[in-house]
Amino acid sequence: MEAVNPYAAIPAKIKKIIPETPNITTFIIEGMPIEFKAGQFAELTVPGVGEAPFTPSSSPHADDLEFTIMKVGRVTSALFDLKEGDQLGVRGPFGKPYPLDEFKGKDVFIVGGGVGFAPLRSLLLALIHDINDYKKIYVRYGARTPGDIVYKHLLPGWRKLSKLDWLLTVDVGDETWKGRFGVVTVILDEIPVNVKVAPAIVCGPPLMMKFVTQRLVEAGFQHEKIYLSMEQNMSCGIGKCNHCRLGKVYVCKDGPVLTWEDVKHVEEPFV
Amino acid sequence: MKTYLIFLDKISIFVTELAKEGSLYYSKLENGKTHFVAHHENISIEPEFSKIRTPENMKHFFFRSRDLVARFPKDKSPAVSKQFLVGLKNCDLRGIDVYDRVCLKWQPLDPLYKARRDNTVIISADCPEPEECCFCNLVGLNPYPDAISDINITRLERHYLFETLSKKGEVIIEQFKDLFIEAGKEDLKERDKIRKNAVKALEKFNARSLPDNISERVEKADKKAKHAARKDCVECHGCLHACPTCYCFLLSDYRKGKETERIRTWDACYYAAYARVGGGANPRSKFDDRFWNRFVCKFDYFMQYEDIYACSGCGRCWRGCSGKIDIREILWKL
Ligand code: SF4
Ligand code: SF4
Ligand code: FES
């Protein structure tokens with residue numbers, strides 16, 4: 001039998017494109033070209049252009065694979081030029097999933113910023129799928145403006161779940177905004193979970209990750225229970241090319257979710 | 001494994017016979033140094049083993065500077081043909097050892113590397129006369145191979161002594177058994193003497209061993225030490241491309257008709273854009289940190305992963321360096 005080529009992408013079709021905010025769009029890919037668990041990522045290929053790593057935003061239990069993507073560079077720009085029905089490539093899944101078994105019976109504390117909420121959505125949906133296995137799920141989410149909040153259409157449904165506790169904040173509000181103001185740390189004054197045992201999960205822009213991590217450490221969360229979605233330059237996704245290495249850990253293979261314990265010795269882990 | 005003798009003048013017959021079965025590359029004497037050259041038909045082969053490793057590094061044979069690794073939408077594995085490499089030295093084999101671990105042991109395995117490795121016969125040779133640039137002894141190697149290759153050759157006074165180091169090697173000797181006789185105790189004694197002298201010569205060049213806790217020292221180096229280490233570097237990145245144990249690469253896609261080709265090219269951690277992320281931020285934007293990355297990678301991390309240094313002591317980085325930076329001097333100062 002011929003060995004599977006880990007560099008080859010599987011062809012897939014874009015089923016639907018949903019603009020979320022001015023520069024963030026969700027791409028729904030038909031079927032499940034790859035099986036993944038919450039926390040793992042995939043490389044998406046734009047034919048003839050290149051590939052980039054993304055964490056799915058859909059539930060691992062869903063029928064289609066979704067990615068919510070911000071336009072930031074060459075590959076994402078090319079991705080934004082694709083249309084429904086176009087072909088792209090998927091390679092993965094790569095990296096380690098969240099240890100959901102360890103979260104069972106505990107409160108789960110999730111902190112997201114901006115488009116960083118996309119990979120957290122996949123986790124949130126996986127948690128909701130087995131919601132009775134967990135004590136309560138807390139979500140703290142900050143965006144720049146109300147217009148930058150992703151998945152607005154899903155919020156009302158999520159808010160109805162009694163085991164889900166939400167707080168939102170925006171840096172700059174508008175006339176419709178009735179929630180909190182300020183960067184995401186303003187909604188972290190109160191931490192209603194047992195920090196000795198609860199896992200905290202963080203994903204967002206580097207500066208936000210840095211301040212949120214500081215806050216969580218101060219609040220007393222265990223360093224090995226603070227899970228951080230790390231962004232590094234990636235190429236191969238399989239622990240060979242060396243691009244993603246952060247200290248001695250490979251973000252692609254040991255991550256992309258690493259704990260504060262894993263990265264706290266690195267001089268500047270959030271860039 | 002087993003040892004055999006072949007008369008000095010018979011080696012070219014042996015190598016010429018091998019060349020009928022695939023591409024053959026061997027170390028050839030040119031202007032006082034040996035270089036790796038491809039064998040072409042009707043030219044007699046005179047491999048030379050008396051010198052140290054060739055200036056060119058052998059990673060091309062497994063991992064070309066530009067390799068097609070996948071196609072889209074329909075992938076097809078490339079055809080890999082048989083190759084014989086004659087005259088690699090132990091430091092070259094450390095490079096292969098590093099690649100074997102990264103590409104074969106660490107999952108998922110790299111299929112192109114595996115195909116090339118499976119289709120390669122490696123015939124290595126002792127280094128009877130190490131040179132000033134050599135420090136394989138400081139990174140845990142001897143100037144003579146005893147693993148990784150399929151056959152190893154030591155030149156004795158009147159014979160070449162062949163030692164088979166793998167099943168593949170055994171099969172080859174069996175195939176040409178008319179050319180060989182079995183080696184005796186005296187021959188092994190002669191080899192031991194040659195090897196002892198080689199080790200002595202190496203020790204003369206490298207009287208100081210590396211500090212035991214080199215990994216820790218490399219990890220703990222302060223800003224001043226990192227800055228001092230790179231002061232003569234002109235950022236040509238030659239050391240990384242000449243290095244047999246460096247293997248960083250980058251994947252890029254190119255359109256070819258209706259297909260996309262995924263090309264793997266050598267990369268180097270000294271390039272400013274190497275670690276830059278999609279949004280533009282760069283964790284190693286300062287050259288001091290990039291320069292030091294090579295040291296932590298080779299002497300700290302790889303040691304932690306695999307219990308060997310990702311450095312072979314071949315000295316190519318020093319020989320090829322415009323600033324004449326000797327990696328040993330940096331390590332000794334830590
Ligand atoms: S470093 Fe050692 S193995 Fe390499 S050429 Fe020199 S003596 Fe031979
Ligand atoms: S770092 Fe220098 S001495 Fe070590 S393997 Fe690379 S080229 Fe050879
Ligand atoms: S992306 Fe290549 S090693 Fe992690």
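How much area do domain 1 of chain A and domain 2 of chain A bury between them, and what part of it is on carbon and sulfur atoms? They bury about 1200 Å², 61% of it on carbon and sulfur atoms. Buried area here is the accessible area (1.4 Å probe) that two parts lose on being put together, summed over both.

This is a predicted model, in which local features need pLDDT of at least 70, side-chain atom pairs count only at pLDDT 80 or more, and totals for chains, interfaces and linings use all residues. Residues are numbered from 1 along each chain as its sequence is written, chains are lettered from A and ligands numbered from 1 in the order in which they are written, and side-chain values use heavy atoms, with hydrogens and water left out.

## Domains of chain A

Chain A is assigned domain 1 (10-94) and domain 2 (100-229); such bounds come from an automatic or database domain assignment. The C-alpha centres of domain 1 of chain A and domain 2 of chain A are 23 Å apart. Domain 1 of chain A brings 17 residues to the contact and domain 2 of chain A brings 16 residues, where contact means heavy atoms within 4.5 Å. On the domain 1 side, A:E20, A:S57 and A:H61 lose the most area, together 34% of what that side buries.

One salt bridge crosses this interface, a salt bridge being a side-chain nitrogen of Lys or Arg within 4 Å of a carboxyl oxygen of Asp or Glu. A:E66 and A:R121 form a salt bridge at 3.0 Å, N to O. Six residue pairs are in polar contact across the interface of the two domains of chain A (both at pLDDT 80 or more). A polar contact is a pair of N or O atoms within 3.5 Å; within protein, one must be able to donate a hydrogen and the other to accept it, and residues adjacent in sequence count only if both atoms are side-chain atoms.

Strand 1 (10-21), strand 2 (24-29) and strand 5 (65-70) of chain A each give two or more residues to the domain 1 side. Strand 5 of chain A has the largest share, three residues. Helices (H or I, at least four residues) and strands (E, at least two) are DSSP runs, numbered from the N terminus. By class, the domain 1 side has seven nonpolar, eight polar and two charged residues. Ala, Val, Leu, Ile, Met, Phe, Trp, Tyr, Cys and Pro count as nonpolar, Asp, Glu, Lys and Arg as charged, and the others, Gly among them, as polar.

## Domains of chain B

Chain B is divided into domain 1 (3-205) and domain 2 (214-333), with C-alpha centres 26 Å apart. In this pair, 43 residues of domain 1 of chain B are in contact with 39 residues of domain 2 of chain B. B:K59, B:F63 and B:F135 supply 17% of the area that domain 1 of chain B buries against domain 2 of chain B, more than any other three residues.

Seven salt bridges are found across the interface of the two domains of chain B. B:E261 and B:R71 form a salt bridge, with the closest N and O atoms 4.0 Å apart. The two domains of chain B also have 28 residue pairs in polar contact. Helix 2 of chain B gives the largest share of the domain 1 side, 10 residues. That side has 22 nonpolar, five polar and 16 charged residues.

## Chain B against chain A

Each chain gives 40 residues to the contact between chain B and chain A. B:F72, B:F249 and B:R262 supply 18% of the area that chain B buries against chain A, more than any other three residues. B:R262 and A:E51 meet in a salt bridge at 3.2 Å, N to O. Strand 10 (249-256) of chain B is among the elements giving two or more residues to the chain B side, and has the largest share, five residues.

| Interface | Buried area | Carbon and sulfur part |
|---|---|---|
| Domain 1 and domain 2 of chain A | about 1200 Å² | 61% |
| Domain 1 and domain 2 of chain B | about 3500 Å² | 57% |
| Chain B and chain A | about 3300 Å² | 53% |

Of the 13 residues around ligand 2, B:C243, B:C311, B:S312, B:C314 and B:C317 come nearest; a residue is near a molecule if one of its heavy atoms lies within 4 Å of it. The shell has seven nonpolar, four polar and two charged residues.

The peptide bond from A:G92 to A:P93 is cis, with omega near -5°, and A:P93 lies in strand 6 (residues 87-94) of chain A.
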